[in-house]
Amino acid sequence: MPGYVPICPITVTSDTLDVISTISLTLAFFSLAPNSYKTVSGYIHSVSPVKKAANSQTKYFNCSIQTNDTVVRAVCFNPDKKPHLEKIQKGKTAVTLFNVRSSIKDEVESVVIQNNTKMQPVVLPFSYKDISMMSSLPSLASLQDVSLEQLVEVKAKLTRLTAVKTQNNRFGQTLQKQEAILVDHTTSIKVILWQEHCNTLTEEKTYRLRNLRIKESYGTRYLNTPKSEHFEFEEIPAFTQTLAAVATDIESLSQAKMSAKIIGVQTATKSLSCVACKKKVTIKTSGQIANCQSCKLMQKVNACSPQWILKILFQNTNNISEKVAIMLFHQEVTKLATLSSDINLNLISEEELILTLLEMDSEFLITYNTSSNKLIDVSQINI
Ligand SMILES: [Zn+2]
């Protein structure tokens, strides 16, 4: 089978392990557990439109990867990759995706197609299949292709059922509603149970649901119990297939954790901020007075507090060939500074800060956004 690359999770290399004590080793493995890298081969199906994650501006799209024996859901946070994936899907081309991230949550695997994921055509010992035929289930993913306001029947597991809430409609009536997430092997979708349908379904049970109406809000589809048609449901056996990751977990899929050391500082910028509005100030030629670029306030230079932006090159301590340049804005710089007693951000110069960071020689557990490379959280790993 030429060019066929089996799915093989890449394990942590052992050459750095001897210098790390047992405690940090445990921590390091813990931090890497939801975040292992691998190669996956198969056919691309169901490339979705670009969507926005719930409660945030994070853009992403999904697709399915038909592998040898299963269909894996994939998510990508880089919309620039969508045309290429669509081309692969259209051509029914067998591909190997190198350096995808595998994230397992609640026993459901999601593959994250990263900025540096490479896709190469391959020859596979299995052929392209209509994935809807791999299952007798009408998929939730196929609801993207159904016209709005239609009534549909789905089979899905009910999760994340909320308490009953009341809401006033535009006629001043008080309505009761309950929300939940329906999930199947392809994707997840929100369902709203109105009025008499509240408190009829049970969380974690799997149902056949008839006569749900397809609605859309801000580009995201959801299901509603109908006003006049008869909504029916029956409990059915749980899925034997692996279920998709719930869309509300998308945000966590855009994040990666890594135990890392600082090996360099690419940029360190200190700017002064206005005492009134916190925006950037410029210093007058006298060197004594600062002028706010935004509110125009004139103020004493030494009353302005510095705002830092750093770009730090971190090295993965479990895979020393992996180096990531991470952006830290003032809030994250402040967090990092609290980990060293030698840093006072109000007094330190750019050069002193760089030197102090390079001399820290600590191991950090960093959480960062894998598409923007912006730091989300940092803590120190105690050796
Ligand atoms: Zn100002």
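**Close-up views of a predicted model**

View 1. Asn224 is found in strand β13, which spans residues 220-224. The model shown here is predicted. Is Asn224 buried, exposed or partly exposed? A residue counts as buried if 20 or more other C-beta atoms lie within 10 Å of its own, and as exposed if 12 or fewer do. Asn224 has 18 other C-beta atoms within 10 Å, so it is partly exposed. Which residues does Asn224 touch, leaving aside those up to four places away in sequence? They are Ile192, Trp194, Leu212, Arg213 and Lys215. Take Leu212: 12 residues separate it from Asn224 in sequence. In space, the two C-alpha atoms are 5.6 Å apart.

View 2. Strand β3 covers residues 59-66. It is mostly covered, with 7 of its 8 residues buried. Strand β2 (residues 51-52) pairs with β3 in the antiparallel sense, over 2 bridges. Here Lys51 stands opposite Tyr60 of β3. Strand β4 (residues 71-76) also pairs with β3 in the antiparallel sense, over 6 bridges. Look for Ser64: its bridge partner in β4 is Arg73.

**View 3. The largest nonpolar core.** This core holds 25 residues. Ile44, Ile65, Ala74, Cys76, Val111 and Ile113 touch the most other members. Which elements give two or more residues to this core? They are β1 (36-45), β3, β4, α2 (82-90), β5 (94-105) and β6 (108-113). The largest share, 5 residues, comes from β4. Now zoom in on Cys76. Beyond residues up to four places away in sequence, Cys76 touches Tyr60, Phe61, Lys81 and Ile113.

**View 4. A second core.** A separate core is made of 20 residues. Among them are Leu140, Val183, Leu223 and Val246.

**View 5. Helix α4 and its buried face.** Helix α4 runs over residues 330-337. Within α4, Glu332, Val333 and Leu336 are buried. Why do the buried residues line one face of the helix? Seen down the axis of α4, they fall within an arc of 105 degrees, so they share one face. An α-helix has 3.6 residues a turn, so residues three or four places apart point the same way. What covers the buried residues of α4? The cover includes strands β19 (305-316), β20 (323-328) and β22 (375-381).

Notes: Residues are numbered from 1 along each chain as its sequence is written. This is a predicted model: local features need pLDDT of at least 70, side-chain atom pairs count only at pLDDT 80 or more; totals for chains, interfaces and linings use all residues. Helices (H or I, at least four residues) and strands (E, at least two) are DSSP runs, numbered from the N terminus. Two strands pair if DSSP finds at least two bridges between them. A nonpolar core is a set of buried Ala, Val, Leu, Ile, Met, Phe, Trp, Tyr and Cys residues joined through C-beta atoms within 7 Å. Two residues are in contact if their C-beta atoms, placed from the backbone, lie within 7 Å. The arc is that of the directions from the helix axis to the C-beta atoms.
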